[in-house]
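Please look through the structure below. Some questions and answers on its parts follow.

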Amino acid sequence: MAGLSPFSSWSAGSPYALALGLAALFSLLLAVVGWRWRGRPGAPYFTLMMGAAALWALLYSFELMAPTSGGKMFWAKGEYLGIVTIPVAWFLFARSHTGAINRLNWRTLAMLCAVPVFTLGLVISNGWHLLVWSSWYLGHSGPHPVGLILVHGPWFWIHVAYSYTLLAAGSVMLLRTALRYPRPYLIQALLLFVAVLAPWVGNGLSTFWLNGTWIDVTPFAFSVTGIVLFLAMSRRQLLSLSPVLLPIARTQVLEKMNDGILVLDMEGRVVSANPAARSIFGQHGVNPVGGLIRELLAGPSFDYGLTVGPDDRRFETSLGEGSERRHFDIVSSPLSLRRGGVGTLLVLRDITERERAEMALRSSEERFRTIFEQGSVGIAVLDTNQRVLRANPAFCSMLGYGEAELTELHLSQITARDDLERSMSESRALVRGELPVLEIDKRYLRKNGELVWAHVSGAVLRGQDGTPVGTLAMVQDISERKQAEEALRTSQAQLESAMELADLVNWEMDVETGVFTFNDRFYALYGTNAALEGGYQMPAEVYAKTFVHPDEQQVVVEEVAKAMQTTDPNYRANLEHRIVRRDGSIRHVVVRYGITKDEQGRTVKTQGANQDITDRKRTEEALLAAEEQLRQAHKMEAVGQLAGGIAHDFNNLLTSIIGNSSLVLSSMDPEEPNYELVNDVKEVGERAAGLTKQILAFSRRQILRPQTVCLNEIVTGLKPLLLRTLGEDINLHFLLSSDLAQTEVDPHQTEQVLVNLALNARDAMPDGGHLTIETANTMLDRVYCDHHQGIEPGRYVMLAVTDTGCGMEAETRSHIFEPFFTTKEVGKGTGLGLSMVFGIVRQSGGSISVYSEPGRGSTFKVYLPAVESPASVESASEREQEAARGSETILTVEDESSVRDLVGRILVGAGYHVVQAGSAGGVDVALVEAKGPPDLLLTDIVLPGGVNGSEIAEMLVERYPDLKVLYMSGYTRNSVVHDGRLDEGIEFLEKPFTPEALLGKVRAVLDGGARQTPEAATFIA
């Protein structure tokens, strides 16, 4: 072999070098993966091993390609960086993976690496001592590539023996672990066998079979090992099953358990306790170890005999006192060996929170009972067969049944026939657990045969074992909502029908050229023609820039690209976007399009049709606006009902305050010290009465006394007041129509509307400005009325108030008429002014709207129905101001004792004979006391006991035909007031009232209803 000369090219060993390069790449990738998995057992050492294998394979490839023996020797020395590292990494990987690495310290690890480090030093300095290789030369065998022939020195064999020892030790540990794998992990075991055997097979082939080729396949073998271990760790979840893990795991479980564990001997003495148990007893200053269990758990709920026996026992006990008392669930298990029992194991679980939860549950059940009985939403409890077990009053009222009647019925008997199958099917699915909750709209069958729509929310009721025992249904009446939805569906159906009749314009696009082809009808939609556009074809980008709205051009381009690229031969899609017509107007179109493919499956054409949907868009926006108005109307109605209820009780209190203070003042000298104090009480009461009237105004519960008037007269009459109120920095202008029509309104309330609008405008102009008040005749059409609930088309009189103030943004405008909404600082306003204006206008049959933008002022427009009748003239008798005395007999019926006593004092003081009753049941007794027929019945309308004042009046008038009746109330939504107006022939006194108002009204009714005092005019709506 000495005759061989150096090679001039590195390509001599290229096939093998290329294979080694690939092996190095695979090993390097596996090292990176191993580093990412460094939290798994052995993964860091797997990373080290595969990095070393990559370095060995890479430098070995350089050795094969080196053209000279010197170059080959250089790379051969470098290979030892990987060669000496692999055995150590293999051994450490095996120990870590099998759970034994915790027994290695840094000193042991340094000794383990001593031989490899020393070997690496000898390799680098081999030219001085020849301990690793005594000589080397180039060799060649037939067609095989050139290899470096090394004559090994004495240290080489020491290193080989040490390396084989580490490899063998690691292999034995891994094989032992693989043999211990349970049967379910057979594949993991086989993979581990392959990973262990691969390096030995590779090294054996290189030593005994391929020794004449100068090629070492051991680097390839370690790449195979890395790949197999990668598969085992990634897909097969390679396990670490060291025998020491189980006892360690058991110990850690006991140490970390939240439950206390006590081990008792046969005498009941604690011989061992885990940290949780020591903590439990340590809170009470006791060390459980060594103590007798009967003493540790002494208490009325503990019996040591329960812990003794051949079977598991379970009981509960408590530790501590007062708020520190804890409740425990204890499980006792016997400990035994073959020769018999040796002790007892106690497991103590703290169930204090569970006990508290049970108490909370009982409290919750009580709250549920209250909600069940008093709730406004229907609640029903049904068994698993859908028979009614319980029903609350709201549900009974909704269906017209008593609870006893409902409990005799099945769900199918109170469900509409058309909804029965779906309702029963979903109820059964709920019970079977196929539905987490039940949400369904259905119709119930009332007792009288009527149908009522309801939204039902159902949930399963389960027993302690988790099995269903019934269902709970929350039932809300949604009849009004369904009516609104039906109206909406009808409108949508009409819209769809109109769309079917609409013209469609067609187009197509060649995918290869990207050119659209149009027709005349298409161009007509865009307000142009073929002559203007230069023909019937147009590139896609030109079409997008010419006709598609700039904000949506990108969307259209992306949708076209998606259609061209799809593989679905049946691709269909819709796209809505805006277009810009040639005249600059913007329209909405919907594009329905699909594709055509050739025999090779390529998209060759897209085609579709455009339809103008601008009108539909506008209709949808109008429907949304109508829904919002309906929601707002419902909200205002709910607030009004609440306000009216509050006003009823509040006015009773104010009646007593104002009346009694007036009586006291009438008997006092103005010079007396307490006169001003009492007068302040009266004035505060009157202010509160005014606030109540505001609440009744916005809730539309006040009584109106309408007259046919001309708004110009009201505006002109208020001009002096407005000039004084608004101040000198606001210029007031009047634009009053000379031929203004009449309208039927309450003049006093209309004045309140104008004053409130003017004051609101003044607040919007803190630095001064212009305020214009305008009147005019107008016609409101269907379009306007559709956008304003509760008003019909026709002739109206308009009152407009315009300011040059700060204006309002859209969000403020949307809440401007809501009660208690204000943009003023705290304490600067109640938020009732505009809501009162809204209530008065709507109760008068009119409408109000606001137009405003930030910085551009505001205009409030009030529309009131025009009438043909001449203006009313209030007679002098109606303005008569004296309050006369009398001697007639008056029967008063009033449930509020303070008001009843006040009325009695006032009337008796005026000379009348008064008999009183607190309810309908006391009327007969009072009549016996009267010793004759009464001349006047003065009765509250809202009374306890189920019989109201109107019914009492009907009963007494039938008995005494000449009896005069005067009603009084603080809440006008009742049987004698409808739509804010008194029924014909009804005399009414609104609470609160003064003594003068009461006496004047009583005298007027007794004399024929012609007299009314100024106080009555103030407090009577």
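Q: Which strands and which helix do the buried residues of helix 31 pack against?
A: This is a predicted model. In it, helix 31 spans residues 949-959, and its buried residues are Gly949, Ser950, Ile952, Ala953 and Leu956. They pack against helix 30 (923-930), strand 26 (889-893), strand 28 (936-940) and strand 29 (964-969).

Q: Why are the buried residues of helix 31 on the same side?
A: The buried residues are Gly949, Ser950, Ile952, Ala953 and Leu956. Glu954 and Glu958, on the other side of helix 31, are exposed.

Q: Which residue caps the N-terminal end of helix 31?
A: The cap involves a side-chain oxygen that lies 3.1 Å from the backbone nitrogen of Ser950. Ser950 is also one of the buried residues of helix 31. The capping residue is Asn948.

Q: Is Val548 buried or exposed?
A: Val548 sits in the loop between helix 20 (540-547) and helix 21 (553-565). Leaving aside neighbours within four places in sequence, its contacts are Tyr543, Gln553, Val556, His577 and Arg578. A residue under 20% relative accessible area counts as buried. Val548 has a relative accessible area of 2%, so Val548 is buried.

Q: How many residues apart are Asp551 and Arg578, which form a salt bridge?
A: The closest N and O atoms of Asp551 and Arg578 are 3.8 Å apart. The pair links distant parts of the chain, with Asp551 in the loop between helix 20 and helix 21 and Arg578 in strand 16 (residues 572-580). Asp551 is exposed at 60% relative accessible area, whereas Arg578 is partly exposed at 22%. Their separation is 27 residues.

Q: How many residues apart in sequence are the parts tied together by Arg1003 and Glu888?
A: The side chains of Arg1003 and Glu888 meet in a salt bridge of 2.9 Å, N to O. Arg1003 lies in helix 32 (residues 995-1006) and Glu888 in the loop between strand 25 (858-867) and strand 26, so the pair ties together parts that are 115 residues apart.

Q: How many salt bridges does the structure hold?
A: Arg446 and Glu450 form a salt bridge through their side chains (3.8 Å, N to O). Asp441, Arg481, Lys482 and Glu485 are linked in a network of salt bridges. For the structure, the number of salt bridges is 24.

Methods
Residues are numbered from 1 along each chain as its sequence is written. This is a predicted model: local features need pLDDT of at least 70, side-chain atom pairs count only at pLDDT 80 or more; totals for chains, interfaces and linings use all residues. Side-chain values use heavy atoms; hydrogens and water are left out. Buried means under 20% relative accessible area, exposed over 50%, partly exposed in between (1.4 Å probe, protein chains only). Helices (H or I, at least four residues) and strands (E, at least two) are DSSP runs, numbered from the N terminus. Contact means heavy atoms within 4.5 Å. A polar contact is a pair of N or O atoms within 3.5 Å; within protein, one must be able to donate a hydrogen and the other to accept it, and residues adjacent in sequence count only if both atoms are side-chain atoms. A salt bridge is a side-chain nitrogen of Lys or Arg within 4 Å of a carboxyl oxygen of Asp or Glu.
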